[in-house]
Amino acid sequence: MNFDLSETQTLIRDTARKFAREVVAPRARQLDREEIFPVDAYRQMGELGLLGVNVPSEYGGAEAGVVSYSLAVIEIAAACASTSVGMCVTNMCAELICQFGTEDQKKRFVTKLVSGEAVAGAFALSEPHAGSDPGAGTTNAVKKGDRWVINGSKQWITSGAYAGVIVVWARTSNEGNKGLSCFLVEKGTPGLTVGRAEDKMGLRGSNTVPLLFENCEVGEENLLGRQGDGFKLAMVALDGGRIGIASQACGVGRAAIEASVKYVKDRHAFGHPIGDFQALRFMLADMTTQQQTAELLTWRAATMKEKKTPFTREASMAKLFASEMSNKVCDKAVQLHGGYGYIDEFPVERYLRDARVQTIYEGTSEIQRIVIAREVIKAG
Ligand SMILES: Cc1cc2nc3c(=O)[nH]c(=O)nc-3n(C[C@H](O)[C@H](O)[C@H](O)COP(=O)(O)OP(=O)(O)OC[C@H]3O[C@@H](n4cnc5c(N)ncnc54)[C@H](O)[C@@H]3O)c2cc1C
């Protein structure tokens, strides 16, 4: 077991850290308060290789591996969770196309995604009545000559109003999970309408929208993978995606701890810095232990993915633990700040609001437990 970072991992982490501290962090509060989607930050992340960290260099990626990807997400998320979620989804879409796309699709779509030319990628799986159970989705695609015609609606689509490339799941037959297929749809395709952005509790600098498909036509060359393989593609993408969300949770948790450490040194009560009180020291001890445990789980899953060993269980364990950790840690961070934790003068109230969705998206905590239990029982 080796806990040292490689040269490449260090380089990616330091690049992301510098960008996060100099460009992302100073605007994070404003993005949250004014619900601004930072198009320019995505273009810059593209230039730095942060939108395709685990994507082969022949398609414009950094080809730096999954641990590097996790390290980069942690840095961006510690500065701004909103910015990190679009980064995660873009990396996830690019990787999925690399894994299942034709050469033409990789050249056409992956290069646009990782360079930032597409601004971001979007992953359109959930529907108004089908979230945890994507096999219940009713958006459909019908073949007409050499075109696919998509009809239906998608819900909660991260970066949906800005994404140049959208991976869309649609039903091509009535055979339950086996009836789902996956399509690549470009921004501005006739028949695709973007709905009103959701007014969210947190991640307010991320864009979350419904997408409406009304006779939206794409060429047959836009089918990703084989017809009927859509459910499999979604599960593969989400396995990797969960490493991204676990990393995001680690980043937000770390930021909450850093803010808390600073605060307990500055704030005085009863003639002492509040950091002298054992009750608060014990809180910090637990917060740090939980956050670092989450990082280790996340990097184990990332290492397994990198080595191409099955990692479904490990990714779900990392996502479950890290997302629940960030919620607990951010809640404690607010507590440590007293009344100041509850107002926007300090960042911890934003961290708590941003952390809340992490136990919900890319599979709720309940769905992670179902996956973990299934894998544990299967392994005997
Ligand atoms: C800010 C945000 C961004 C998002 N971004 C995207 C995106 O980019 N692309 C995308 O496709 N989706 C996205 N989502 C959707 C997200 O993945 C879903 O909200 C999530 O999967 C849960 O689905 P649901 O909301 O339909 O809840 P439901 O599936 O209705 O679940 C409701 C409750 O029931 C529980 N539950 C459901 N089934 C079971 C079961 N079998 N056993 C036990 N408990 C169960 C759930 O855990 C939950 O507590 C986003 C959501 C949010 C809030």
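Biologist: What distance separates the centres of domain 1 and domain 2?

Modeller: This is a predicted model, in which local features need pLDDT of at least 70 and side-chain atom pairs count only at pLDDT 80 or more, while totals for chains, interfaces and linings use all residues. Residues are numbered from 1 along each chain as its sequence is written. The protein is divided into domain 1 (7-118), domain 2 (123-228) and domain 3 (231-379), with bounds that come from an automatic or database domain assignment. Taken over C-alpha atoms, the centres of domain 1 and domain 2 are separated by 22 Å.

Biologist: Which element gives the most residues to the side of domain 1 that touches domain 2?

Modeller: The contact (C-beta atoms, placed from the backbone, within 7 Å) takes 27 residues from domain 1 and 17 residues from domain 2. On the domain 1 side, two or more residues come from each of α1, α4 and α5. Such elements are DSSP runs numbered from the N terminus, with helices (H or I) of at least four residues and strands (E) of at least two. With 11 residues, the element that gives the most is α4.

Biologist: How many residues on that side of domain 1 are nonpolar?

Modeller: Ala, Val, Leu, Ile, Met, Phe, Trp, Tyr, Cys and Pro count as nonpolar, Asp, Glu, Lys and Arg as charged, and the others, Gly among them, as polar. The side of domain 1 that touches domain 2 has five polar and five charged residues. The number of nonpolar residues there is 17.

Biologist: Which elements give two or more residues to the shell around the ligand?

Modeller: The ligand is surrounded by 22 residues, of which G131, S132, T158, T364 and E366 are the closest; a residue belongs here if its C-beta atom, placed from the backbone, lies within 6 Å. The elements in question are β1 (121-124), β3 (147-158) and α10 (365-379).

Biologist: From which domains does the shell around the ligand draw at least three residues each?

Modeller: The shell consists of 12 nonpolar, seven polar and three charged residues. Those that give at least three residues each are domain 2 and domain 3.

Biologist: Within what arc do the buried residues of α2 fall, seen down its axis?

Modeller: A residue is buried if 20 or more other C-beta atoms lie within 10 Å of its own, exposed if 12 or fewer, and partly exposed in between, with C-beta atoms placed from the backbone. In α2 (residues 39-48), A41, Y42, M45 and G46 are buried. They line one face of the helix, because the directions from the helix axis to their C-beta atoms fall within an arc of 145°.

Biologist: Which exposed residues lie on the face of α2 turned away from its buried side?

Modeller: The buried residues of α2 are covered by elements including α1 (7-34), α4 (81-100) and α5 (103-115). The opposite face carries D40 and E47.

Biologist: Is E35 buried or partly exposed?

Modeller: E35 is found in the loop between α1 and α2. Although not a glycine, E35 has a positive phi of about 50°. With 17 other C-beta atoms within 10 Å, E35 is partly exposed.

Biologist: How many C-beta neighbours does L203 have inside 10 Å?

Modeller: Most residues other than glycine have a negative phi. L203 has a positive phi near 50° and is found in the loop between β6 (192-194) and β7 (208-219). L203 counts as buried because its C-beta neighbours inside 10 Å number 29.

Biologist: What separates the C-alpha atoms of A373 and R313 in space?

Modeller: A373 is found in helix α10 and is exposed, with 12 other C-beta atoms within 10 Å. In sequence, A373 and R313 are 60 residues apart. Their C-alpha to C-alpha separation in space is 8.5 Å.

Biologist: What radius of gyration does the protein have?

Modeller: The protein has 10 helices and 10 strands, and buried residues make up 53% of its 380 residues. A compact globule with 380 residues would have a value near 21 Å, by the rule of 2.2 Å times the number of residues to the power 0.38, over C-alpha atoms. The protein agrees with this, at 21 Å.

Terms used. Contact = placed C-beta atoms within 7 Å.
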